[in-house]
Amino acid sequence: MSECQYMSTILLDNIHPSDVGKVLFGDWLTYLLLEAEESLHRATLKAAVASGETNSSEGAGGREVVDNRTWANFDSPALMPRAPLESGALGWGDLTHGTDIKYKPGWVATQPGSKLLVKIDSLFDGVPPEEEVTAGVGYLVSYEHMGKAVGKCVSGCSCGNFTMNGFTKHRMSLVRLIEFNVSQHRECVVEIELISETDDLAGGTKFKIAQMAVKGRKSAVAEMLRADAPV
């Protein structure tokens, strides 16, 4: 995606953000606020550790740092890198709905049995390797032609199976997030399969994945000491 295409994607005009722009700007602002909060808390923790008021195993008041990673089916600098597809996408299209004004990227399938294999990095420095982290799938929920999909971890990592229902009887369209626990692995492959079961009375089986994400929680003190350790 060129710089001009990127700007026209995230802005409706020279001022107002598009739907994708709102997501990206929100993600960016959240990141900046978390960075500012962590920086402020790091200074407090340094003083606490130096004075012996806390230790690296307890943290100050059980404080944690949340590390978030998000993947989508388009490139955006530093915010949401393109997710690598493992063995391609069988029956899924790397499609963009909407118009230049209302840009709606995502992976879309309409044929039951279609499988999407996405490789994500669920391994976090500072999180004990035996601990699970939280992964999430953002998917479209709408009132016409939508079906269901099931997800599971198939390589590198382990997680419980989960089901997503893209249909709602209410006249609305929005992206819903389902979260699940997953073990840590640098190359965690998650499979999303479109199934024939549907709640749509018209028999619709379309399903759209908007993005995937994973987050790990780590001790603020342990993270501070690790970051300040000499290389």
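Me: Which residue meets Asp121 in a salt bridge?

Reply: General idea: side chains of opposite charge can pair when their charged atoms come close. To count as a salt bridge, a side-chain nitrogen of Lys or Arg must be within 4 Å of a carboxyl oxygen of Asp or Glu. Here Asp121 meets Arg186, with N and O 2.7 Å apart. Bear in mind that this is a predicted model, where local features need pLDDT of at least 70, side-chain atom pairs count only at pLDDT 80 or more, and totals for chains, interfaces and linings use all residues. Residues are numbered from 1 along each chain as its sequence is written, and side-chain values use heavy atoms, leaving out hydrogens and water.

Me: Where in the chain do Asp121 and Arg186 sit?

Reply: First, the labels: helices (H or I, at least four residues) and strands (E, at least two) are DSSP runs, numbered from the N terminus. Asp121 is in the loop between strand S5 (115-120) and strand S6 (133-141), while Arg186 is in the loop between S9 and S10. That puts the two 65 residues apart, so the pair links distant parts of the chain.

Me: Is Asp121 buried or exposed?

Reply: We go by relative accessible area: buried is under 20%, exposed is over 50%, and partly exposed is in between (1.4 Å probe, protein chains only). Asp121 comes out at 17%, so Asp121 counts as buried. Arg186, at 42%, is partly exposed.

Me: How many salt bridges does the structure hold?

Reply: Five. Another one joins Glu197 to Lys148, whose closest N and O atoms are 2.8 Å apart. Glu197 lies in the loop between S10 and strand S11 (207-219) and Lys148 in strand S7, so this pair ties together parts 49 residues apart in sequence. Lys148 is buried at 10% relative accessibility, and Glu197 is partly exposed at 46%. Lys148 and Glu197 also belong to a salt-bridge network with Asp199.

Me: Which residue forms a salt bridge with Glu179?

Reply: Lys215, at 3.4 Å from N to O. Glu179 sits in strand S9 and Lys215 in strand S11, 36 residues apart.

Me: OK, how many disulfides are there?

Reply: A disulfide is a covalent bond between the sulfur atoms of two cysteines. The search takes a pair of cysteine sulfur atoms within 2.5 Å, and it finds two in the whole structure. Cys153 is joined to Cys159, S to S 2.1 Å, and Cys157 to Cys188, S to S 2.0 Å. Count the bonded cysteines along the chain and the pattern reads 1-3, 2-4.

Me: Why is the disulfide of Cys157 and Cys188 right-handed?

Reply: Look at the torsion about the S-S bond: it is about 60°, so the Cys157 and Cys188 disulfide is right-handed. Cys157 is in the loop between strand S7 (148-155) and strand S8 (162-165), and Cys188 is in strand S10 (residues 188-195), so the bond ties together parts 31 residues apart in sequence. Both of these cysteines are buried. For Cys153 and Cys159 the torsion is about 110°, so that disulfide is right-handed too.

Me: How many bridges join S7 to S8?

Reply: Two strands pair if DSSP finds at least two bridges between them. S7 and S8 have four, and they run antiparallel. As one example, Val150 has Thr163 of S8 as its bridge partner. In this hairpin there are six residues between the strands, and Gly156 takes a positive phi near 85°.
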